[in-house]
Amino acid sequence: YMGVYAVTQAEYEKLMGKNPSYWGPGGRGKGRVAKLDTARFPVEQVSWEVAMAFCRKMNQKVGKTFDLPTEAEWEYACRAGTTGLFHFGNSLSAKQANINPMNNFYGGEDRGPYLERTTRVGSYEANAFGLYDMHGNVKQWCKDWCNMDYYGESPLRDPQGPANGVARVVRGSSWDDGANGECRSAYREGSESGDNCIGFRVVMRVP
């Protein structure tokens with residue numbers, strides 16, 4: 001099972017006792033969100049290690065198996081049965097997702113507003129699996145090490161990622177990414193640290 005939303009600032013703070021978010025009440029971007037309730041904004045400014053620590057603490061508290069999704073699980077969930085560039089089809093605008101409409105984009109739609117920050121989770125239409133913000137708002141950590149050549153030699157069924165590496169995979173796109181290559185369902189990249197564009201969502205594994 002996958003979380004319908006990215007983990008929010010309120011959820012993170014309730015479990016971990018603090019809110020590290022740049023776009024939060026105590027973050028460096030607090031001036032931009034001073035009049036907004038950011039409790040339902042996605043938590044960001046968290047590293048892969050911290051996201052995994054959140055999952056472990058959830059496991060202890062709830063007694064179930066929470067984890068980050070593998071890269072393959074994330075893309076399967078993002079696509080939700082679709083084969084286009086985005087789960088919306090082959091075009092994307094800032095009316096459909098919290099992205100940067102100033103960059104190149106596919107299709108001829110109205111580009112929509114540029115918020116220049118994160119926003120409340122679930123503010124845009126969900127995909128066919130009922131998952132929100134698979135495009136835009138924040139990129140999301142995955143369990144895997146990052147290796148751009150991995151899928152050329154991986155198992156075809158449920159690949160679990162490389163055995164080692166330097167950076168970890170982030171998938172999706174953020175409020176600062178344009179609907180060019182970076183927002184596609186298939187776009188892949190790695191990161192070694194968190195920033196105000198990267199959050200995470202959890203999966204719950206069942207027997």
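Helix 1, residues 9–16, packs against helix 2, residues 48–62, at an angle of about 65°, and their axes are 10 Å apart. The axes here are lines fitted to C-alpha atoms, for helices over the stretch in contact, and angles run from 0 to 180 degrees between N-to-C directions. Helices (H or I, at least four residues) and strands (E, at least two) are DSSP runs, numbered from the N terminus.

Before going on, the provenance. This is a predicted model, in which local features need pLDDT of at least 70 and side-chain atom pairs count only at pLDDT 80 or more, while totals for chains, interfaces and linings use all residues. Residues are numbered from 1 along each chain as its sequence is written, and side-chain values use heavy atoms, with hydrogens and water left out.

Back to the helix pair. Helix 1 and helix 2 are therefore roughly perpendicular to each other. On the scale used, angles under 35 degrees count as roughly parallel, over 145 as roughly antiparallel, 65 to 115 as roughly perpendicular and the rest as oblique. The crossing of the two is left-handed, meaning that the near helix is turned anticlockwise from the far one by less than a right angle; clockwise would be right-handed.

Which residues make the contact? From helix 1 they are Glu-11, Tyr-12, Leu-15 and Met-16, and from helix 2 they are Val-50, Ala-53, Phe-54, Lys-57, Met-58 and Lys-61. Contact means heavy atoms within 4.5 Å. By class, that contact has 7 nonpolar, no polar and 3 charged residues. For the classes, Ala, Val, Leu, Ile, Met, Phe, Trp, Tyr, Cys and Pro count as nonpolar, Asp, Glu, Lys and Arg as charged, and the others, Gly among them, as polar.

Lys-61, in helix 2, is exposed, with a relative accessible area of 63%. Buried means under 20% relative accessible area, exposed over 50%, and partly exposed in between, with a 1.4 Å probe and protein chains only. Lys-61 and Leu-15 are 46 residues apart in sequence, and their C-alpha atoms are 8.9 Å apart in space.

In soluble globular proteins, nonpolar side chains tend to be buried together. The largest one here has 18 residues, and the members touching the most others are Val-7, Tyr-12, Phe-54, Leu-68, Trp-141, Phe-200 and Val-202. Helix 1 and helix 2 are the elements that give two or more residues to this core. Helix 2 gives the most, with 6 residues.

Helix 1 also holds Gln-9. Is Gln-9 buried or exposed? At 1% relative accessibility, Gln-9 counts as buried. Leaving aside neighbours within four places in sequence, its contacts include Asn-19, Trp-23, Phe-41 and Glu-44.

Gln-45 is in the loop between helix 1 and helix 2. Its phi is positive, about 65°, although Gln-45 is not a glycine. Gln-45 is partly exposed, at a relative accessible area of 35%.

Now helix 3. The buried residues there are Glu-71, Trp-74, Glu-75, Ala-77, Cys-78 and Arg-79. Their cover includes strand 2 (139–145) and strand 3 (168–171). Cys-78 sits in helix 3, which spans residues 71–79, and is buried with a relative accessible area of 0%. Apart from neighbours within four places in sequence, Cys-78 is in contact with His-87, Asn-127, Met-134, His-135 and Ser-185. The C-alpha atoms of Cys-78 and Phe-129 are separated by 8.3 Å, at 51 residues apart along the chain. Helix 3 is followed by Ala-80, with a positive phi near 50°.

Last, the loop between helix 3 and strand 2. Asn-137 is in this loop, has a positive phi near 75° without being a glycine, and counts as buried at 1% relative accessibility. Tyr-124 is in the loop too, and is buried, with a relative accessible area of 14%. The C-alpha atoms of Tyr-124 and Asn-137, 13 residues apart along the chain, are separated by 9.9 Å. Gly-130, also in this loop, is partly exposed at 28%. From Gly-130 to Pro-162 the distance is 29 Å, C-alpha to C-alpha, for 32 residues in sequence.

Technical notes:
A nonpolar core is a set of buried Ala, Val, Leu, Ile, Met, Phe, Trp, Tyr and Cys residues joined through side-chain atoms within 4.5 Å.
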